[in-house]
Amino acid sequence: MQSLKVVEFDKLDTTIQELLREATKAREFAYCPYSNFSVGACLQCEDGTLYRGCNVENAAYPAGICAERTAFVKAISEGKSKFKSLAVIANQEKFITPPCGICRQFMSEFDDITVYLAKPTLESATVLKLSELLPFQFQLNSDFTF
Ligand SMILES: [Zn+2]
């Protein structure tokens with residue numbers, strides 16, 4: 001596996017620091033009585049607008065939604081369609097929490113955003129492009145040539 005780019009929190013752009021702090025706030029609203037695995041996300045649109053999202057579970061498990069998709073759905077339903085970056089923070093103290101496969105596919109419908117993954121302590125962020133997380137997403141009429 002390639003080595004991941006990790007940037008100390010203080011060295012991140014202040015906008016990205018805010019994005020990470022907002023993701024932390026969003027996590028507080030997570031509805032996760034079944035897993036107790038709270039996740040917060042914050043999506044930065046191209047125009048600078050931020051949309052927070054948290055995971056929302058359901059007694060019928062597959063009906064639940066992840067924090068990342070919540071943020072995207074909120075932004076898109078407010079008329080946004082161009083996105084720049086996303087921060088994701090879960091309750092794992094010792095690990096970063098990358099988006100699940102469904103969220104990767106969902107987000108890949110839009111722009112190749114930069115994803116910032118951090119632990120709750122916000123000491124640093126792992127930075128990578130969505131296309132690195134999901135290099136060969138499902139596409140209609142895809143023309144991947146190897
Ligand atoms: Zn997900």
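Let me start with a definition: rings of Phe, Tyr and Trp (its six-membered ring) pair if their centres lie within 6.5 Å. Planes under 30 degrees apart count as stacked, over 60 as edge-to-face and the rest as tilted.

Now the model. It is predicted, so to speak of local features we need pLDDT of at least 70, side-chain atom pairs count only at pLDDT 80 or more, and totals for chains, interfaces and linings use all residues. Residues are numbered from 1 along each chain as its sequence is written, and side-chain values use heavy atoms, with hydrogens and water left out.

On to the rings. One aromatic cluster is formed by Phe-72, Phe-83, Phe-106 and Phe-110. The structure has 6 aromatic pairs. Take Tyr-34 and Tyr-61: their ring centres are 5.7 Å apart and the planes sit at 50°, so this pair is tilted. The two tyrosines link distant parts of the chain, 27 residues apart. Tyr-34 lies in the loop between helix 1 (14–27) and strand 2 (39–45). Tyr-61 lies in the loop between strand 3 (50–54) and helix 2 (67–76). Helices (H or I, at least four residues) and strands (E, at least two) are DSSP runs, numbered from the N terminus.

Buried or exposed? Buried means under 20% relative accessible area, exposed over 50%, partly exposed in between (1.4 Å probe, protein chains only). Tyr-34 is partly exposed, at 39%. Tyr-61 is exposed, at 58%.

Next, Phe-106 and Phe-110. Their ring centres are 6.4 Å apart with planes at 55°, so that pair is tilted. Phe-106 is partly exposed at 29%, and Phe-110 is partly exposed at 30%.
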